[in-house]
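Me: Got a model open and I'd like to talk through its aromatic rings. Can you walk me through them?

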Amino acid sequence: MARSEKKSRRLVVDGAAFLWRVGHRHERDDGPARNCREVLALHPLGGRGRLEIVFREGPGRVVPDGLLHAGGVGTRGAYLNLNEPGTVRALLDEAVAAHGWDSDDPVPVTIDGWTLFDAVSARRPEGGTESEEGAPGPPD
């Protein structure tokens with residue numbers, strides 16, 4: 001069963017609780033969808049900060065397009081499943097380390113997910129994948 005994009009999940013990091021969800025966005029005029037992107041949104045439970053990590057489609061970059069499952073992003077060499085709490089934790093850690101995101105700052109922050117991708121996929125098992133029964137592997 002597919003997870004609802006509207007329902008947030010809880011992640012606890014060093015005693016601090018965050019709510020997070022993954023969604024897919026795109027633009028559509030009269031033609032086919034364009035500017036497809038996967039968005040990981042996080043905010044601290046009871047806090048003021050908001051972080052969006054956005055993975056946009058592009059050359060050599062794979063986002064869900066009907067062939068890849070929701071939450072999957074990758075390149076030819078690596079793959080991340082944004083539905084996995086371990087991946088979300090790694091992305092959150094990188095956003096804080098590389099971009100200085102402050103979870104108490106009320107100004108929403110958007111980060112290009114591809115700037116975090118290599119560091120996070122190197123930290124995740126098997127180039128960013130975790131084996132789950134029925135979950136597709138990395139893109140070819």
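Me: Is Phe 18 buried or exposed?

Reply: Phe 18 is buried in this predicted model, with a relative accessible area of 7%. The cut-off for buried is under 20%, so that value qualifies.

Me: And what about Trp 101, buried or exposed?

Reply: Trp 101 is buried, with a relative accessible area of 7%.

Me: OK, rings then. How many aromatic pairs are there?

Reply: The count comes to three aromatic pairs. One of them is Phe 18 with Trp 101: the ring centres are 6.3 Å apart and the planes sit at 45 degrees, so this pair is tilted.

Me: Where do Phe 18 and Trp 101 lie?

Reply: Phe 18 is in strand S2 (residues 16–27), while Trp 101 is in the loop between helix H1 (85–99) and strand S7 (109–112). The pair therefore ties together parts that are 83 residues apart in sequence.

Me: Switching over to Trp 114 and Phe 117, what's the ring geometry?

Reply: Their ring centres are 5.1 Å apart with the planes at 50 degrees, so that pair is tilted.

Me: Which helix are Trp 114 and Phe 117 in?

Reply: Both lie in helix H2 (residues 114–123), three residues apart, which is about one turn of the helix.

Me: Are Trp 114 and Phe 117 buried or exposed?

Reply: Trp 114 is buried, with a relative accessible area of 9%. Phe 117 is buried as well, at 1%.

Me: Last one: which residues form an aromatic cluster with Phe 117?

Reply: Phe 55 and Trp 114 form one aromatic cluster with Phe 117.

Conventions: Residues are numbered from 1 along each chain as its sequence is written. This is a predicted model: local features need pLDDT of at least 70, side-chain atom pairs count only at pLDDT 80 or more; totals for chains, interfaces and linings use all residues. Side-chain values use heavy atoms; hydrogens and water are left out. Rings of Phe, Tyr and Trp (its six-membered ring) pair if their centres lie within 6.5 Å; planes under 30 degrees apart count as stacked, over 60 as edge-to-face and the rest as tilted. Helices (H or I, at least four residues) and strands (E, at least two) are DSSP runs, numbered from the N terminus. Buried means under 20% relative accessible area, exposed over 50%, partly exposed in between (1.4 Å probe, protein chains only).
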